[in-house]
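These are my notes on a single chain.

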Amino acid sequence: MIVEIREYVAVPGRLPAIVDLFSNHTARMFERYGVELISAGHTVIGENSFGELVYSLRFNDLAELDLKWGQVTSDPEWQDAFAAAEQDGPLIRTMRRRVIDDTPFQSRR
């Protein structure tokens with residue numbers, strides 16, 4: 001198993017639009033394509049507090065990650081929702097992505 005962590009720092013004033021896009025469209029696309037959402041939330045302590053959306057996803061391997069992200073981002077419904085969300089300007093100031101492999105630690109559970 002691998003876990004992908006994504007951190008989206010909003011353009012000032014645009015966090016509500018990011019949350020709306022995620023809650024009403026992106027999360028539904030994850031369900032449609034079998035992407036396992038582990039958690040989602042706002043940073044409340046630390047860098048970018050109250051200005052970013054952070055979520056984590058679980059995949060079997062990198063091939064599954066690539067396949068499912070390709071499905072989500074090429075879905076016309078998601079593309080239309082993203083374009084509509086950005087009609088008033090860009091949403092995302094920066095995005096950070098990390099993929100964590102827990103294989104070395106699985107025997108310790």
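I counted two strands as paired if DSSP finds at least two bridges between them. Helices (H or I, at least four residues) and strands (E, at least two) are DSSP runs, numbered from the N terminus. This is a predicted model, in which local features need pLDDT of at least 70 and side-chain atom pairs count only at pLDDT 80 or more, while totals for chains, interfaces and linings use all residues. Residues are numbered from 1 along each chain as its sequence is written, and side-chain values use heavy atoms, with hydrogens and water left out.

Entry 1, the sheet. I found 4 strands in an open sheet with the order β2-β3-β1-β4 and antiparallel pairing. β2 and β4 are the edge strands; each has a single partner, so one side of each has no neighbour in the sheet. From one strand to the next, the twist averages 15 degrees. For β1 and β4, which run antiparallel, I noted 9 bridges. Within this pair I looked up glutamate 7, and its bridge partner in β4 is arginine 96.

I took axes as lines fitted to C-alpha atoms, for helices over the stretch in contact, with angles from 0 to 180 degrees between N-to-C directions. Helix α2 (residues 62–74) lies across β1, β3 and β4 and runs at about 125 degrees to β3. Helix α1 covers residues 15–32 and includes phenylalanine 30.

Phenylalanine 30 is buried, at 2% relative accessibility. Setting aside neighbours within four places in sequence, I listed its contacts as Phe22, Val35, Tyr55, Leu57, Trp69 and Val72. I also checked phenylalanine 30 against aspartate 101, 71 residues away along the chain, and their C-alpha atoms are separated by 21 Å.

My criterion was a side-chain nitrogen of Lys or Arg within 4 Å of a carboxyl oxygen of Asp or Glu. How many salt bridges does this rule give? The count is 8.

One of them joins arginine 97 to glutamate 4, with the closest N and O atoms 2.4 Å apart. Arginine 97 is in strand β4 (residues 92–101) and glutamate 4 in strand β1 (residues 2–10), so I logged this as a link between distant parts of the chain, 93 residues apart. Arginine 97 is partly exposed at 41% relative accessible area, whereas glutamate 4 is buried at 0%.

I then returned to glutamate 7, whose side chain meets that of arginine 98 in a salt bridge of 2.5 Å, N to O. Arginine 98 belongs to β4 and glutamate 7 to β1, 91 residues apart. Arginine 98 is partly exposed at 29%, and glutamate 7 is buried at 15%.

Glutamate 36 and arginine 58 form a further salt bridge, 2.9 Å from N to O. Glutamate 36 lies in β2 (residues 36–42) and arginine 58 in β3 (residues 52–59), so the pair ties together parts 22 residues apart in sequence. Glutamate 36 is partly exposed at 37%, and arginine 58 is partly exposed at 30%.

Last, I noted a network of salt bridges that links Arg28, Arg32, Asp75 and Glu77.

Notes: Buried means under 20% relative accessible area, exposed over 50%, partly exposed in between (1.4 Å probe, protein chains only). Contact means heavy atoms within 4.5 Å.
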